[in-house]
Amino acid sequence: LEVIPGIYTITDTLAGAVPENSCFGFSVNVTQAEWFTYTATEDITLVVSSDFSQNIGTDTRLNVFAGACDELTCLAYDDDGGFSTLTYLEVFVPEGMTVYIVWDNRYSHSGFDF
């Protein structure tokens, strides 16, 4: 799913495969992930966050990758950078780059907004 500015709801993180290449945040306990893409139309600082009051009590974790699907490179990672166990991440994305925003089920597969 392509991301455009707004709030998105993930019903659970049981939908997709775990990336073959690892960011710091992936581990043997990750079995599923929820994937989104974003292509920058200009140089931007991309902000991705689950740090909303409706998510309090949920533990979220996020990895951002770039590159070809079979050779992903980790750009950024966040776990608990927001309030309590929520996520807040800023990463520079140059014009034309497509990034893969990947939420995983390391701690829970419960749904949340981002």
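Residues are numbered from 1 along each chain as its sequence is written. In this predicted model local features need pLDDT of at least 70 and side-chain atom pairs count only at pLDDT 80 or more, while totals for chains, interfaces and linings use all residues; side-chain values use heavy atoms, with hydrogens and water left out.

**Stop 1: the whole chain**

Start with a cartoon view of the protein. You will find 0 helices and 8 strands, so the order along the sequence reads β-β-β-β-β-β-β-β. Here helices (H or I, at least four residues) and strands (E, at least two) are DSSP runs, numbered from the N terminus.

Of the 114 residues, 42% are buried. Buried means under 20% relative accessible area, exposed over 50%, and partly exposed in between (1.4 Å probe, protein chains only).

How much of the contact set with a separation of 6 or more comes from residues 24 or more positions apart? The share is 75%, with contact meaning heavy atoms within 4.5 Å.

**Stop 2: the cores**

Select L46, I101, W103 and F114, the residues with the most contacts inside the largest nonpolar core, which has 19 residues. Such a core is a set of buried Ala, Val, Leu, Ile, Met, Phe, Trp, Tyr and Cys residues joined through side-chain atoms within 4.5 Å. The elements giving two or more residues to this core are strand 2 (33-39), strand 3 (44-49), strand 4 (61-68), strand 6 (88-93) and strand 7 (98-104). Then pick A33, F65, L72 and V102, which belong to a second, separate core of 6 residues.

**Stop 3**

Go to V48 in strand 3. Is V48 buried or exposed? With a relative accessible area of 4%, V48 is buried. Leaving out residues up to four places away in sequence, V48 touches L62, T87, Y88, L89, I101, W103 and F114. Draw a C-alpha to C-alpha distance from V48 to Y88: they are 6.1 Å apart in space and 40 residues apart in sequence.

For a contrast, jump to A17 in the loop between strand 1 (9-12) and strand 2. A17 counts as exposed, at 54% relative accessibility. With the sequence neighbours up to four places away set aside, A17 touches A33 and W35. W35 is 18 residues from A17 in sequence, and their C-alpha atoms are 8.7 Å apart.

**Stop 4: the aromatic rings**

Show the rings next; there are 7 aromatic pairs. Rings of Phe, Tyr and Trp (its six-membered ring) pair if their centres lie within 6.5 Å; planes under 30 degrees apart count as stacked, over 60 as edge-to-face and the rest as tilted.

Select W35 and F65, a stacked pair at 6.4 Å centre to centre with 20° between the planes. The pair links W35 in strand 2 with F65 in strand 4, 30 residues apart. W35 is partly exposed, at 27%, whereas F65 is buried, at 0%.

Move on to F36 and F114. Their ring centres are 4.9 Å apart and their planes at 65°, so this pair is edge-to-face. Because F36 lies in strand 2 and F114 in the segment after strand 8 (110-113), the pair ties together parts 78 residues apart in sequence. Both residues are buried.
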